[in-house]
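Subject: The structure, and what turned up in it

Hi there,

Here is the structure for you to open alongside this email.

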Amino acid sequence: MAMTMGELWTQVGSLMATVLFVLTIIQKYFPVPLRGHIDRYAHKLTGFLYPYITITFPEYTGERLRRSEAFTAIQNYLASRSTIRATRMRAEAVKNSKSLILSMDDNEEVIDEYEGVKIWWTSTKVMLTNKSFSRYPSNDEKRSYQLTFHRQHREIILETFIHHIMEEGKSVEKKNRQRKLYMNSSKNEWWHKSNWRHVPFEHPAKFRTLAMDPETKQGIINDLIKFKNGKEYYEKVGKAWKRGYLLYGPPGTGKSTMIAAIANFMEYDVYDLELTSVKDNSELKKLLIEISNKSIIVIEDIDCSLDLTGQRKKKKTEDEEDKEMKDPVKQAVKEEEKQSKVTLSGLLNFIDGIWSACGGERLIIFTTNHKEKLDEALIRRGRMDKHIEMSYCSFAAFKVLSMNYLDVEWHESYHRIDQLLKETEMTPADVAENLMPKYEGEETDECFKRMVNALERAKEEAKKKAEEEAEAAKKAEKEKREKEAEAAKMAEKEKEEKEAAAKKDEESSIYTAENNGIKCNGVATKEAKENGHMENNQNS
């Protein structure tokens with residue numbers, strides 16, 4: 001007798017209830033070792049009856065320290081594939097993109113196909129509640145992608161398809177990528193997963209508009225291209241895929257602009273690391289782990305960030321420590337200095353230690369106005385591989401600035417400007433300020449006239465300053481010679497006084513001896529003389 005639909009659903013419901021009851025009994029009353037055996041055999045039975053394989057790609061790897069590159073690549077890949085199949089999507093606006101970027105929403109499934117093989121993608125998100133007591137209880141999200149396919153297509157999926165989605169995902173990321181400028185925060189708020197905060201990186205600097213010597217500029221470009229294409233080379237020589245640049249020179253010579261030009265040329269994110277906001281070496285390592293590949297790590301004015309000279313400070317006496325403890329101002333300053341405990345050793349390990357290999361294709365750039373103040377261990381080759389001097393404006397750099405600000409290739413004042421730039425020092429920032437039109441419609445002749453006048457004033461000021469320094473040096477030398485002559489005169493006088501005093505002491509000793517008499521063989525000299533005189537008289 002045919003079973004009705006109602007009876008069928010009744011039996012299915014009864015069977016499901018029985019299964020759930022048995023599972024509850026097993027989880028509640030069976031010992032853990034026995035439950036493990038039951039789960040293992042249950043999985044074997046399911047695998048025998050269920051012909052599909054599932055691969056999970058979690059969002060974070062390595063104890064949730066780093067975001068998985070595979071997860072990011074799959075996310076980008078599905079963003080270009082899910083728009084025609086997914087029923088629930090998430091829209092994100094990306095700068096310089098013609099349309100919104102659509103991707104799979106959480107707990108959504110899409111069907112994909114590769115070389116005739118049917119594939120299922122599932123986006124999962126699990127909320128893990130933190131059960132420990134905290135002033136700020138929060139939920140943690142555990143997200144992942146699941147790839148499901150038939151077991152007979154195992155070879156093509158593992159050997160071909162996964163590599164395909166990784167390459168495709170990277171291509172989509174590069175196409176829609178919005179580069180960012182990061183900064184580290186000293187406050188680790190509970191609602192933030194990372195210590196890095198970011199804004200869109202929109203600096204317009206290019207090597208074409210960078211005011212510096214053309215040969216030096218081209219050398220930097222060639223070095224960057226070699227680094228970008230050098231993954232296999234760095235693996236061959238056994239080095240981490242990173243490179244260090246030291247930019248040094250006076251203020252206003254374009255060090256920050258150089259960093260922006262490098263970032264735009266390489267299409268890298270920029271991580272502006274403020275060392276004074278880092279508590280200790282351990283936190284510095286955590287910041288390093290969170291930095292993505294294809295990035296630039298920047299520490300500006302490193303000579304002013306921390307005391308990185310590596311020299312030991314003299315131990316203070318107990319009296320000095322007591323005075324500082326009593327002085328509230330000194331105590332406050334001391335407490336403020338203790339906020340960052342990053343050491344030179346910690347920074348060196350950050351640059352080229354074992355932890356520096358956690359990631360690749362990174363540039364590390366230091367800037368300083370005083371190269372001589374930095375510890376040699378910090379800027380040696382291998383850490384800061386390339387030292388780039390950002391000097392005062394040359395005539396070649398001036399012509400670049402002239403094209404940038406006035407669109408002029410040649411002007412009659414160029415000869416005079418060339419001569420003045422050789423005779424005086426002016427930073428590119430000052431040159432740019434003088435070339436920039438000050439009002440709408442200002443003629444280029446007026447700008448160049450202002451430039452010439454500024455250079456002539458700078459020349460006169462430099463000449464006057466040199467004369468003052470020469471006069472001061474001459475005066476100091478004269479004072480030095482006078483002090484030396486006075487010191488020699490005082491030394492000579494002191495010597496004469498010592499000799500006179502010694503002579504006087506000697507004469508005084510002889511006089512005293514003659515008056516008081518000195519015994520010879522137990523007889524006083526005066527008595528001996530008198531006896532001798534008496535004997536002579538008797539003999540005569």
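This is a predicted model: local features need pLDDT of at least 70, side-chain atom pairs count only at pLDDT 80 or more; totals for chains, interfaces and linings use all residues.

**Two helix pairs**

Let's begin with helix H8 (residues 281–289) and helix H12 (residues 344–352), whose axes come within 9 Å and cross at roughly 15 degrees. Angles under 35 degrees count as roughly parallel, so H8 is roughly parallel to H12. The crossing of H8 past H12 is right-handed. Sorted by class, the contact of H8 with H12 has four nonpolar residues, two polar ones and no charged ones.

The other pair is helix H14 (residues 395–406) with helix H15 (residues 414–423). Their axes come within 10 Å and cross at roughly 135 degrees, which makes H14 oblique to H15. Here, too, the crossing of H14 and H15 is right-handed. H14 brings Phe395, Phe398, Lys399 and Ser402 to the contact, and H15 brings Tyr414, Ile417, Asp418 and Leu421. By class, the residues in the contact of H14 with H15 are five nonpolar, one polar and two charged.

**Salt bridges**

Are the two partners buried or exposed? Lysine 294 is partly exposed, with a relative accessible area of 38%, whereas glutamate 361 is buried at 6%, since buried means under 20%.

Glutamate 442 and arginine 450 form another salt bridge, with the closest N and O atoms 2.7 Å apart. Glutamate 442 counts as buried, at 11% relative accessibility.

Within helix H17 (residues 444–516), glutamate 477 and arginine 481 lie four residues apart, about one turn of the helix. Their side chains meet in a salt bridge at 3.9 Å, N to O. Glutamate 477 is partly exposed at 37% relative accessibility, and arginine 481 is partly exposed as well, with a relative accessible area of 47%.

There is also a network of salt bridges, which links Asp106, Lys125 and Arg143.

**Two backbone angles**

Most residues other than glycine have a negative phi. Against that background, two residues are worth a look.

Asparagine 107 is not a glycine, yet its phi is positive, at about 60 degrees. Asparagine 107 sits in the loop between strand S5 (101–104) and strand S6 (109–114) and is partly exposed, with a relative accessible area of 48%.

Glutamate 115 likewise has a positive phi, of about 50 degrees, although it is not a glycine. You will find glutamate 115 in the loop between S6 and strand S7 (117–129). With a relative accessible area of 56%, glutamate 115 is exposed, because over 50% counts as exposed.

Terms used
Residues are numbered from 1 along each chain as its sequence is written. Side-chain values use heavy atoms; hydrogens and water are left out. Axes are lines fitted to C-alpha atoms, for helices over the stretch in contact, and angles run from 0 to 180 degrees between N-to-C directions. Angles under 35 degrees count as roughly parallel, over 145 as roughly antiparallel, 65 to 115 as roughly perpendicular and the rest as oblique. A crossing is left-handed if the near helix is turned anticlockwise from the far one by less than a right angle, and right-handed if clockwise. Ala, Val, Leu, Ile, Met, Phe, Trp, Tyr, Cys and Pro count as nonpolar, Asp, Glu, Lys and Arg as charged, and the others, Gly among them, as polar. Buried means under 20% relative accessible area, exposed over 50%, partly exposed in between (1.4 Å probe, protein chains only). A salt bridge is a side-chain nitrogen of Lys or Arg within 4 Å of a carboxyl oxygen of Asp or Glu. Contact means heavy atoms within 4.5 Å.
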